[in-house]
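The sequence and the structure are shown first.

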Amino acid sequence: MFNPVRALAVCALALASFGAATALADEPILIKFSHVVADGTPKGQGALMFKQLVEERLGGKVKVEVYPNSSLYGDANELEALRNNEVQLLAPSLAKFDQYTKQLQVFDLPFLFDDLEAVNRFQKRAKGRQLLRSMEDHNIVGLAYWHNGMKQLSATRALHSPGDANGLSFRIQPSAVLEAQFKQIGANSQKLPFAEVFKALQSGQVQGAENPWSNIYSQKLHEVQPFISETNHGVLDYMLVSNSRFWYGIPHQVRVELEAIIDEVTYVVNKQAEAANQTDRQRIADSGKSQLITLTPEQRQAWRDAMRPVWEQFEGQIGSDVLKAAEAVNRKQRK
Ligand code: LMR
């Protein structure tokens, strides 16, 4: 039998839920972008530029919140938070994906890439592009590569030859390749989150580290490392990643616009990263707090020879196709 009171209640409920759905549909999509470095670094600048362009072009539809300096998530938990959709964008260093794919370890191999230009060529070629998709089984999609720069070795001792590092303990990112690299020169290593590096060096828990100039300068590591050898022995670059389900769930037109913004930001970050690192190198030199050691070609070759066996050690895990494609991007004749 028709019950007017009940009918009214059902109508009210239906209207209320429609209202809620409309309100939800009108809410901007929230993208939390968390990272572990300072705003002034290549990655920090990229995150801020992404936020600015999204606000200019997609304001009202998408909102971006940037959390630098491990203020929301740090190395220990950020990828898990991304997979749980608690944060939607990260740009971890390529050394931090070990747990999800072994192929990206190629970027950690010492003395593989001659310079950032070579890294850039590899990232743009088919094999490099393929690696952006290497973690989709884990709900992680790679959207772009962002440069930081080549790594330098800092320590409490002047490091001219590999033997000088003997017995020292170096802070490393969580990468088996980096662990093997230091073992190769008779040194020890400790995997520590980026946020703990300054303290670990200051307290003497570790005596050395490897970082690009921008990270050394922005974390003031040169104040607690009296020597920095300009080894350029490896690369520290990033993959901008999102949660696959979140990313592909964004309405198509909005996603296309976001991807165009990412392309634009990537272009600028990658174009400016080298210069930003050189500026920070100069600031460190000018500070007088750390002595910069330039290696002769023979000295650099000695480091290369000492660390090179690591390639064979990891070739099986990385895949020889990936390793060959990476080697092919160098332009210089090498041994
Ligand atoms: C590090 O842990 O040394 C780097 O990955 C930090 C960063 O994001 O540049």
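This is a predicted model: local features need pLDDT of at least 70, side-chain atom pairs count only at pLDDT 80 or more; totals for chains, interfaces and linings use all residues.

1. Two strands are taken to pair if DSSP finds at least two bridges between them. Helices (H or I, at least four residues) and strands (E, at least two) are DSSP runs, numbered from the N terminus. On these terms, strand S5 (residues 152-155) pairs with strand S8 (residues 208-211) in the antiparallel sense over four bridges, and Gln152 has Asn211 as its bridge partner in S8. S5 is also joined to strand S9 (residues 227-230) by three bridges, again running antiparallel; here Ala155 stands opposite Phe227.

2. Residues are numbered from 1 along each chain as its sequence is written, and side-chain values use heavy atoms, with hydrogens and water left out.

3. On the overall architecture, the protein chain contains 13 helices and 11 strands. Its C-alpha atoms fill a box of roughly 95 × 40 × 30 Å along the principal axes. Of its 335 residues, 51% count as buried (buried means under 20% relative accessible area, exposed over 50%, partly exposed in between; 1.4 Å probe, protein chains only). Among contacts (heavy atoms within 4.5 Å) with a separation of 6 or more, 75% are between residues 24 or more positions apart.

4. Which way do the side chains of S5 point? Gln152 and Ser154 point one way and Leu153 and Ala155 the other way, and all are buried. In a regular strand the side chains alternate between the two faces of the sheet.

5. An open sheet is formed by five strands in the order S2-S1-S3-S10-S4, with mixed pairing. Its edge strands, each pairing on one side only, are S2 (62-67) and S4 (140-150). Strand S1 (residues 29-34) runs parallel to S2 and is joined to S2 by six bridges; within this pairing, Val62 in S2 is the bridge partner of Ile29. Helix H10 packs on the sheet, where H10 touches S1, S2, S4 and S10, and its direction makes about 15° with that of S4. Helix H4 (residues 116-124) lies across S4 and strand S10 (235-243), running at about 165° to S4. Axes are lines fitted to C-alpha atoms, for helices over the stretch in contact, and angles run from 0 to 180 degrees between N-to-C directions.

6. The nonpolar cores deserve attention. A nonpolar core is a set of buried Ala, Val, Leu, Ile, Met, Phe, Trp, Tyr and Cys residues joined through side-chain atoms within 4.5 Å. The largest has 44 residues, of which Phe33, Phe50, Trp146, Leu240 and Leu258 touch the most other members. H10 supplies the largest share of this core, seven residues. Apart from it lies another core, of 38 residues, among them Leu79, Val106, Phe122 and Ile318. The contacts of Phe33, not counting residues up to four places away in sequence, include Ala47, Phe50, Val87, Trp146 and Leu240.

7. The axes of helix H11 (residues 297-307) and helix H12 (residues 309-318) come within 4 Å and cross at roughly 35°. Arg304, Asp305, Ala306 and Met307 in H11 meet Pro309, Val310 and Trp311 in H12. The residues of this contact comprise five nonpolar, no polar and two charged (Ala, Val, Leu, Ile, Met, Phe, Trp, Tyr, Cys and Pro count as nonpolar, Asp, Glu, Lys and Arg as charged, and the others, Gly among them, as polar).

8. How many salt bridges does the structure hold? There are 13, a salt bridge being a side-chain nitrogen of Lys or Arg within 4 Å of a carboxyl oxygen of Asp or Glu. Asp321 forms one with Lys127, the closest N and O atoms being 3.2 Å apart. This pair links distant parts of the chain, with Asp321 in helix H13 (residues 320-327) and Lys127 in helix H5 (residues 126-131), 194 residues apart. Asp321 is partly exposed at 41% relative accessibility, as is Lys127 at 23%.

9. Another salt bridge joins Asp280 and Arg283 (2.7 Å, N to O). Both residues lie in H10 (residues 252-287), three residues apart, about one turn of the helix. Asp280 counts as buried, at 7% relative accessibility, whereas Arg283 is partly exposed, at 41%.
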